[in-house]
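Biologist: I have this chain open on my screen and would like to go through it with you slowly. Could you walk me through the packing and the charged pairs?

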Amino acid sequence: MIRRASLVIVGALMGATAMSVIYSAGVPAQAAGSSTYRELSVFGDVFERVRAQYVTPPDEEKLVENAINGMLTSLDPHSSFMNAKDADDMRTQTRGEFGGLGIEVTMENELVKVITPIDDTPAAKAGVLAGDFISEIDGTPVRGLKLEDAVEKMRGPINTPIKLTIVRQGADKPLEITVVRDTIAVQAVKSRVEGDVGYVRVISFTEKTYEGLEKAIKKIKADVPADKLKGYVLDLRLNPGGLLDQAINVSDAFLERGEVVSTRGRNAEETRRFNASAGDLTDGKPVVVLVNGGSASASEIVAGALQDLKRATVVGTRSFGKGSVQTIIPLGDAGALRLTTALYYTPSGKSIQGTGIEPDIKVEQPLPPELQGRVKAEGESSLRGHITGQSETEEGSGSSAYVPPETKDDIQLNYALDLLRGNKTDPSFPPHPDKAAAAIKP
């Protein structure tokens, strides 16, 4: 079932909004006209004036980098230049593993707070506990650092030691713990059994996602007998996307046939189509997909494929609506260029750019009192300079991206569970894959 397509990255993996990325060794270019080169000479003149006469000596490397980014961001919100460090960080995140300690952290009272150490990782083995505060990293005070800077300091080559100064409740003085970095695998898929329903949450689409999904479904099958298992909830809420091949493989895990997604570029010959292969990991059990305003790009590919092919019922609120594809063009030691080169389309031929995935059953998730008036629903259509989608309207895309931490408060999840158990009914559930052909364009 699993296939290899071009690598594609999305969204928060690179600290951006939500985007797909295809790696490419390069793309052919046409020579610019003489007027363009005259304009470039003007740019050279301006650069030289700034370099020589600005009130303080500017960083020339930064000037060039910012000029390139200014050109790219004028195109759309997802095209950009990545310097060598940014490009390396992107590759690390898409691999789904890095050299580190194995802790989930946040910032509290200007210190790094450990939310939880991940089981069987260097931090857990060294004795780091949930609730610990890290005050120093290798002797450098954490106060004054941004969270991302502190995290960067804790990452590094495997088999290298790092000394953490820990403030722990109940301890009369700070503790010093030495941790030896090791390879940390980012958990892209989490799962559990909700009584007679398998719950699978796909957090992001890294190189480890399909493997994680396969293991999750296998475990659910082992925990719940087939005759008792009502079906699966595939939770794609708050999923900013990731790799294209993983989005295709995750879709394929629930499909027996049909087109999963197509990408269409500037020229007709650049169109690419990706099809499912036989083999449904869930053995045809009913599936409900959850989406909200935090579901973007690769997660929208999965939701759109399963919805169009009538394999799953989509529940929740309108997704982010990011339907463009970015090609990664390596620039040697200088870094890489991330350039929008295509739009992707669901099996029915629909572009979700600026519109998003409209759920089959709209279920709003109310905000708790402390967040009301403080959380703004945003989508691709609200991004300045975004590419206008072919079906985009004033309604735009996106919706609230809030998910309650407790299952009992999660109205969308509980609606999905009720559907699968027959406690709620809707004409869209269960969908019928045999009726999908009529809705799919050739």
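Modeller: What follows goes from a pair of helices to a sheet and then to salt bridges. This is a predicted model, in which local features need pLDDT of at least 70 and side-chain atom pairs count only at pLDDT 80 or more, while totals for chains, interfaces and linings use all residues. Residues are numbered from 1 along each chain as its sequence is written, and side-chain values use heavy atoms, with hydrogens and water left out.

Biologist: Okay, how do α1 and α2 cross?

Modeller: The axes of α1 (residues 34-53) and α2 (residues 60-73) come within 11 Å and cross at roughly 145 degrees; axes are lines fitted to C-alpha atoms, for helices over the stretch in contact, and angles run from 0 to 180 degrees between N-to-C directions. Helices (H or I, at least four residues) and strands (E, at least two) are DSSP runs, numbered from the N terminus.

Biologist: Which residues meet there?

Modeller: Phe43, Phe47, Val50 and Arg51 of α1 are in contact (heavy atoms within 4.5 Å) with Glu60, Leu63, Val64 and Ala67 of α2.

Biologist: Switching to the sheet, what is the strand order?

Modeller: The order is β11-β12-β13-β16-β17-β20, an open sheet of six strands with mixed pairing, where two strands pair if DSSP finds at least two bridges between them. At the edges are β11 (189-194) and β20 (361-362), each of which pairs on one side only.

Biologist: How do β12 and β13 run?

Modeller: Strands β12 (residues 197-202) and β13 (residues 231-235) run parallel and are joined by five bridges, and Val200 has Leu234 in β13 as its bridge partner. Helix α6 (residues 209-223) lies across β11, β12 and β13, at about 15 degrees to β11.

Biologist: Now charges: how many salt bridges are there?

Modeller: There are 21 salt bridges, each being a side-chain nitrogen of Lys or Arg within 4 Å of a carboxyl oxygen of Asp or Glu. In one of them, Glu194 and Arg192 meet at 2.6 Å, N to O.

Biologist: Is Glu194 buried or exposed?

Modeller: Glu194 counts as buried, because its relative accessibility is 16%, whereas Arg192, at 34%, is partly exposed. Buried means under 20% relative accessible area, exposed over 50%, and partly exposed in between (1.4 Å probe, protein chains only).
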